[in-house]
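User: I am new to this structure and would like to go through it with you. Could you please show it first?
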Amino acid sequence: MANVFRVGNCAGFSGDRVDAPAPVVDTLIELGGPCAVFFETLGERTVALAQLEKRRDPQRGYEPMLERLLEPILVRCARHAIPIIGNFGAANPPGAAKVIARLALRLGLPELKIGVVYGDDVRERLDLKAHEVYEADTGLDMGGGEVVSANAYLSAKPIVDALKAGAQIVVTGRTGDPSLALVPLIHHFGWRYDDWSSLAIGATAGHLLECGAQITGGYYYDPGYKDIPDPANIGFPIAEVDADGRLVITKAARTGGLVNAQVVKEQLLYEIHDPAHYITPDVTLDFAQVTIHEIGKDRVEVRGVRGGPAPQKIKATVCFDGGW
């Protein structure tokens, strides 16, 4: 692939494996060329749990395993110019940035540039009566419980701005999950924010990678029916995108799990409603004409993704104290 940029995923949920990032970073360094890694640590309830933790201790409210996730890779990423992007800020991105700064100082990186993106917390600005509720949630009782958290899904743009400003690691709270992988692609290739075809490729890469080991066999694995090699050592995924929009999914070298056509198909359809109109903060994705091709061992090419304009409104997730 000419002019290829690689994006590696290092976490798919809060508390994910601390041994997962190192093989991804090792592989990116061995392959050479421009690349980035991202951590996706926020499930829909995770930021609410983080808000509760922040109430108990205003200095906390970020990913509790932040140091353990970053310590094995921070020095190598800094030395090899591999940007790190993570929504591990959760309810307290500035607090997470302070933790990273202390870690960087301890590891001999006193000049590490850390960007912080916030503004997703809309608890004080959200009038529930003024906004429509997602159709699947209309039957929920949202009048009796205290709002614990309310977060808008931010787009890639402020994270791209942080990279443009020189940040080597960017800490965010709630963003669109696919946006985390889209960010370094926009930054590297210089894609316009209305280049829907290119943004669709990047957002699809993010959608496929966002859940970590799900696309390397974790979601697919069904012992005795759908087996995978060495599941205890399942590797994490890497997306390869070239200047012409070619997208290939692979994984970290010397790890277990697999990447085949079926695994990619299952993850492509994960957590979407209308395959022809999958809404992200950056671009609306159309998977109706997508084809999946195995082009080598643990290498799958995704073709036929189409993109349309980003939505006029962005989604927010609201968590209530249900009393139990």
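User: Is Tyr219 buried, partly exposed or exposed?
Analyst: Tyr219 is partly exposed, with a relative accessible area of 39%. Buried means under 20% relative accessible area, exposed means over 50%, and partly exposed lies in between (1.4 Å probe, protein chains only). This is a predicted model, in which local features need pLDDT of at least 70 and side-chain atom pairs count only at pLDDT 80 or more, while totals for chains, interfaces and linings use all residues. Residues are numbered from 1 along each chain as its sequence is written, and side-chain values use heavy atoms, with hydrogens and water left out.

User: And Tyr270, buried or exposed?
Analyst: Tyr270 counts as buried, because its relative accessibility is 19%.

User: How many aromatic pairs does the structure hold?
Analyst: It holds 4 aromatic pairs. Rings of Phe, Tyr and Trp (its six-membered ring) pair if their centres lie within 6.5 Å; planes under 30 degrees apart count as stacked, over 60 as edge-to-face and the rest as tilted. One of the pairs is Phe39 with Phe88, which is tilted, at 5.6 Å centre to centre and 55° between the planes.

User: Which parts does that pair tie together?
Analyst: Phe39 lies in strand E2 (residues 35-39) and Phe88 in the loop between strand E3 (84-86) and helix H5 (93-106), so the pair links parts that are 49 residues apart in sequence. Helices (H or I, at least four residues) and strands (E, at least two) are DSSP runs, numbered from the N terminus. Phe39 is buried, at 0% relative accessible area, and Phe88 is buried, also at 0%.

User: What kind of pair do Tyr219 and Tyr270 form?
Analyst: Their ring centres are 5.1 Å apart and their planes stand at 75°, so the pair is edge-to-face. Tyr219 lies in the loop between H8 and strand E7 (237-241), and Tyr270 in the loop between helix H9 (261-268) and strand E9 (278-279), so parts 51 residues apart in sequence are tied together.

User: Lastly, where does Lys315 lie?
Analyst: Lys315 lies over the face of Tyr153, at 4.4 Å from the ring centre. A charge sits over a ring if NZ of Lys or CZ of Arg is within 6 Å of the ring centre and within 35 degrees of the ring normal.
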